[in-house]
Amino acid sequence: VKKAMAAIDTNTIRSHIAFLADDALKGRLPGTAGYQTAVDYVVEQYKAMGVLPGGDGGGYTQRLFLRKSTVDNKSAKAAVQDSYGNIDSLQFGKDFLPYPHPLQPQVAVQAALVFAGYGVDIPGFYSDYAGIDVKGKIVVLLTGIPDGITPSTIAAHFTNPGNKMSTAFAKGAAGVVLIFPAFTNPNPTLQLNASLNNDKTKSYGRGVNDPKGFAMQASRAWFTRLCMLAGKNMDEVVAHVKQRHNTSFDIPLKLSIQFTNSYTDVESYNVIGLIKGSDPVLQQEYVVHTAHLDHVGIGKPENGDSIYNGAHDNASGVASLLEIARLYAKGGAKPKRSVLITMVTAEEMGLMGSAYFAANPTVPKAAIVANVNTDMPTVIAPLLSIVPLGAEHSSLMGNVQFAANYLGLDVETDPEPEQNRFVRSDQYSFVTNGIPALHIKYGNKTNVPGFDLDAFVKTWRAKYYHHAADGMDGIFNFTAAKTYVQLNFLISYSIAQTQQKPQWNKGDLFGMQNR
């Protein structure tokens, strides 16, 4: 293992990044020739290394469809009706905005309204659903979370609108209305993305995945009227719920809504390589490495450049995984468990590729023991400390500590909980499918006296993250890249070698979800 890690080649890492971030790939947007070039490149690398195919039908790829759903503005109509038959129409764009539905071209729903706070449901701790029945009703929810929910991973999970929708639909709700208390009008998001199975009958992702339910945004002013009709003061309700006091209540109104959706579908691919485990029993279980292969394509010109190359985000992550694949295939360190090296599509569209793979893996889902995700390693300074997002929820923290101790790295807690980073990358797709997962981010330790690494990274990120400047001519520290590859390799290798499967911590919220 030591010999394999010592053989990590920073020139090879650099060459992978240079190819994937070249202008010829035009930002690797899924559905374009540039993304297909990236897919072909990864497949060629797997073959050259002797990595086995881990995709569909004995190949290296897993096909899925990416759907952009758009609401026909003119079709959207909504109104509320009280028990006396009085009808109050809602104004599109001012009072309400529907979320596109990826499976229903036409949506038409009428049901009673019920308020359920932030839509938080944490068994044994707090539930906005206590004491109310939402089955067959439309649930009105506030965006955000109440005070006192920690750590940042749990807070990010319950802040995520997709989780709010999924929870409500799982309880039988007919629809979800999201209120943004900080905004006067709804947030104008009328296009959403989803990943679909091959027959396009099931969707995955952060949007509305319930086949019959719907979701919409509504204004603060409209919510004020709802509270008034229910005999409540809106400011008092929001303040009460923020303090984690259950104030859920029925609203004496029925909401009717109708709208139509149009769709644009593109075919895309996850790219999966297999390292077969050496143990005759443990080889039937899998550790999954992931990195997203896509970026955002061509965008608004910046300093005369419109190609958003994504060198750091996430060509550097893909390059890291290709080097890890080479260590496993050529380095002599044979894992007992099998390892999948998985490059996923459409992360930038909302974790679409990983959402599809985690729900429909190319190996038995129950055989996946852990996910180690790599996204934008940000190798721009010496890597002296790390933040293992998600590891604190399971025994994976032990694997992280082992690898970090070996490499002399400090382990830190999330320095930017307000960024909700845990739900913004592909490990979250595995966590929501009940699979222990983590994502290694850079820490803030520096060996330069007086140097504020945190401020430096924030300034760098403002210039490069999702900008045309993120090319090979930006800042790279390839010594840090080598350390990053060693770290992630050691984490997965230690998981693959340990007889016991990774376990969720006792009573952990994510561990209580069904697989």
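**Notebook: aromatic rings**

I began with Phe 19, which is partly exposed at 33% relative accessibility. I kept in mind that this is a predicted model.

Next I looked up the ring pairs. Rings count as a pair if their centres lie within 6.5 Å, and by this rule I have 16 aromatic pairs. Phe 19 belongs to one of them: its partner is Tyr 41, and their centres are 4.1 Å apart. I noted 15° between the planes, so the pair is stacked, as planes under 30 degrees apart count as stacked. Phe 19 lies in helix H2 (residues 10-20) and Tyr 41 in helix H3 (residues 33-49), so the pair ties together parts that are 22 residues apart in sequence.

Is Tyr 41 buried or exposed? I found Tyr 41 buried, with a relative accessible area of 9%.

Then I turned to Phe 115 and Phe 249, a tilted pair with 5.1 Å centre to centre and 35° between the planes. Phe 115 is in strand S6 (residues 106-115) and Phe 249 in strand S14 (residues 249-275), so I wrote down a link between distant parts of the chain, 134 residues apart.

I came back to Phe 249 for its charged neighbour. Lys 232 lies over the face of Phe 249, at 5.1 Å from the ring centre. I also noted Arg 67, whose charged end sits over the ring of Tyr 263, 4.1 Å from its centre.

Which residues do ring pairs link into a cluster? My last entry lists them: Phe 422, Tyr 428, Trp 504 and Phe 510.

Terms used:
Residues are numbered from 1 along each chain as its sequence is written. This is a predicted model: local features need pLDDT of at least 70, side-chain atom pairs count only at pLDDT 80 or more; totals for chains, interfaces and linings use all residues. Side-chain values use heavy atoms; hydrogens and water are left out. Rings of Phe, Tyr and Trp (its six-membered ring) pair if their centres lie within 6.5 Å; planes under 30 degrees apart count as stacked, over 60 as edge-to-face and the rest as tilted. Helices (H or I, at least four residues) and strands (E, at least two) are DSSP runs, numbered from the N terminus. Buried means under 20% relative accessible area, exposed over 50%, partly exposed in between (1.4 Å probe, protein chains only). A charge sits over a ring if NZ of Lys or CZ of Arg is within 6 Å of the ring centre and within 35 degrees of the ring normal.
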